[in-house]
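User: I am new to this structure. Please walk me through the terms and the values behind them.

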Amino acid sequence: MEFSETAILGNGCFWCTEAIFSRLKGIYSVTSGYAGGKIQNPSYYDVSKGNTGHAEVLKIEFNPKEISYEQLLDVFYHTHDPTSLNKQGADVGTQYRSIILYNSKEQKKTAEQFTKKVQKDFDKPIVTEIVPLDTFYDAESYHQNYYEKNSFQPYCQLVITPKVDTFQKRYKALLKKKT
């Protein structure tokens, strides 16, 4: 990786969000995982109970010369409901909360300013948490690239594919070139 930065974002089910962010230009990798909680090395089973404090998040390694942190935040805010507390669609619980975990003062400042700027796009107040990253834990291997490996599954067809289609229409200029 010539030059990279890391963003940690949680905007609902990581199966859905990974399918979106992995399609953006300038992205080196997208890893599903857990952050923002109070126990070490949580499992999906632990997190899905909703009592570890962790959110399902993505670790996004990106080239800021190709895609900016602000552009990632724009995609983040416009591909989920940041006004919904602990709920995205049918997924309910603190593990599905809207959260930005920053890893520098610059990311914190940018996230706070961008959140104020994008508030005008929503009728209700944004409830996205903006907090420092403590530790990111990789999710189990079967969660990685879930949509790409399971796009034929009913959940993927009914929930993720429509989200990906809507995202691709809105963000054509930010999509990776097809090879």
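User: Where is Lys116 found, and why is Lys116 called exposed?

Analyst: Lys116 sits in helix H4. Helices here are DSSP runs of H or I with at least four residues, strands are runs of E with at least two, and both are numbered from the N terminus. Exposed means over 50% relative accessible area, buried means under 20%, and partly exposed is in between, with a 1.4 Å probe and protein chains only. Lys116 has 69% relative accessibility, so Lys116 counts as exposed. Its C-alpha is separated by 8.8 Å from that of Ile126, 10 residues apart along the chain.

User: What do these values rest on?

Analyst: This is a predicted model, in which local features need pLDDT of at least 70 and side-chain atom pairs count only at pLDDT 80 or more, while totals for chains, interfaces and linings use all residues. Residues are numbered from 1 along each chain as its sequence is written, and side-chain values use heavy atoms, leaving out hydrogens and water.

User: How do you know that Gln144 is buried or exposed?

Analyst: Its relative accessible area is 14%, so Gln144 is buried. Gln144 is in the loop between strand S8 (137-138) and H5. A polar atom of its side chain lies 2.9 Å from the backbone nitrogen of Ser32. Gln144 also touches Glu18, Val30, Thr31, Ser32, Ala139 and Lys149, not counting residues up to four places away in sequence. Contact means heavy atoms within 4.5 Å.

User: What makes Asn145 partly exposed?

Analyst: Asn145 has a relative accessible area of 39%, so Asn145 is partly exposed. Asn145 is in the loop between S8 and H5. Its phi is near 55°, a positive value in a residue other than glycine.

User: And why is Asn86 called partly exposed?

Analyst: The relative accessible area of Asn86 is 23%, so Asn86 is partly exposed. Asn86 lies in the loop between H3 and strand S4 (87-88). Phi of Asn86 is near 55°, again positive in a residue other than glycine.

User: How many disulfides does a search of the whole structure find?

Analyst: The search finds 0. A disulfide is a pair of cysteine sulfur atoms within 2.5 Å.

User: What about Cys156 and its closest cysteine sulfur?

Analyst: That sulfur is in Cys16, 8.0 Å away, so it is too far for a bond. Cys156 has 0% relative accessibility, so Cys156 counts as buried.

User: Which residues are buried in H6, and what do they pack against?

Analyst: Cys156, Ile160, Thr161, Val164 and Phe167 are buried in H6. The buried residues of H6 pack against helix H1 (14-21), helix H3 (69-78) and helix H5 (146-150).

User: Which members of the largest nonpolar core touch the most other members?

Analyst: They are Phe21, Leu24, Ile60 and Leu72, in a core of 42 residues. A nonpolar core is a set of buried Ala, Val, Leu, Ile, Met, Phe, Trp, Tyr and Cys residues joined through side-chain atoms within 4.5 Å. H1, H3 and H6 are among the elements that each supply at least two residues of this core. Another core, of 7 residues, lies apart from it and includes Ala35, Ala55, Leu101 and Phe136.

Methods
Polar contact = N/O pair within 3.5 Å; in protein donor to acceptor, adjacent residues only side chain to side chain.
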